[in-house]
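Please examine the sequence and the model together before reading on.

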Amino acid sequence: MDILGTLGILGDFALTKVLPFIVVLTIVVFFHELGHFAVARWNRVKVDAFAVGFGPELIGRTDRQGTRWKLCVIPLGGYVRFLGDADEASAPDANALAGMTTEERDGAFQNKSVWRRAAVVAGGLAAGAAASTL
């Protein structure tokens, strides 16, 4: 098989299998993260960032509440970063929490009750499950 024939097969595979997978995954991830975001806002958790994808930011904007909405280079996941998080996995940042005002601490995910934190986690699961049935 010649090189052009191989490239044609790879191109067809990318257009018919890989690209649709990435599009569907991105949609499910968006709604999953939107579930975390919405329930967090209902529970008065300050959201610092909402990202679809990982790595460097391709495009983004900051809304009036201070949330940075971004689309990143690697479209294989996403995250919502809350006030007081050290990383995308919502690990608490002890130094940041110690330096916060009382008002800021009230908006930190780690300072919410177990039930409120569980609701934020469940919100992402419910929204992601709903999006995957579309």
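The structure is a predicted model. The protein contains 4 helices and 2 strands, and from the N terminus on these elements follow the order α-β-β-α-α-α. Of its 134 residues, 29% are buried. Among contacts with a separation of 6 or more, 48% join residues 24 or more positions apart. The protein exposes about 8400 Å², of which carbon and sulfur atoms supply 67%.

The aromatic residues may be considered next. The structure holds 7 aromatic pairs. One of these is formed by Phe30 and Phe31, whose ring centres are 5.3 Å apart and whose planes stand at 80 degrees, an edge-to-face arrangement. A pair of aromatic rings is described by both the distance of the centres and the angle of the planes. Phe30 also pairs with Phe50: the centres are 5.7 Å apart and the planes lie at 70 degrees, so this pair is edge-to-face. Because Phe30 lies in helix H1 (residues 3-42) and Phe50 in strand S1, the pair ties together parts that are 20 residues apart in sequence.

Phe50, by contrast, has a relative accessibility of 2% and is buried, because the cut-off for burial is under 20%. Phe30, Phe31 and Phe50 belong to one aromatic cluster together with Phe37 and Trp69.

A nonpolar patch of about 740 Å² is made by Phe21, Phe54, Leu58, Ile59, Leu71, Val73, Ile74 and Leu76. The elements giving two or more residues to this patch are S1 and S2, and S2 gives the most, with 4 residues. Leu76, one of the patch residues, lies in strand S2. At 49% relative accessibility Leu76 counts as partly exposed, because only values over 50% count as exposed.

Gln65 is found in the loop between strand S1 (47-62) and strand S2 (68-82). With a relative accessible area of 46%, Gln65 is partly exposed. Which residues does Gln65 contact, leaving aside its neighbours within four places in sequence? They are Arg41 and Lys46. Lys46 is 19 residues from Gln65 along the chain, and the C-alpha atoms of the two are separated by 8.3 Å.

Notes:
Residues are numbered from 1 along each chain as its sequence is written. This is a predicted model: local features need pLDDT of at least 70, side-chain atom pairs count only at pLDDT 80 or more; totals for chains, interfaces and linings use all residues. Side-chain values use heavy atoms; hydrogens and water are left out. Buried means under 20% relative accessible area, exposed over 50%, partly exposed in between (1.4 Å probe, protein chains only). Contact means heavy atoms within 4.5 Å. Patches are made of residues with over 30% relative accessible area and no salt bridge: like charges are joined within 9 Å, nonpolar side chains (Val, Leu, Ile, Met, Phe, Trp, Tyr) within 5 Å. Accessible areas come from the Shrake-Rupley method with a 1.4 Å probe; for residues, only the protein chains shown count as cover. A salt bridge is a side-chain nitrogen of Lys or Arg within 4 Å of a carboxyl oxygen of Asp or Glu. Rings of Phe, Tyr and Trp (its six-membered ring) pair if their centres lie within 6.5 Å; planes under 30 degrees apart count as stacked, over 60 as edge-to-face and the rest as tilted.
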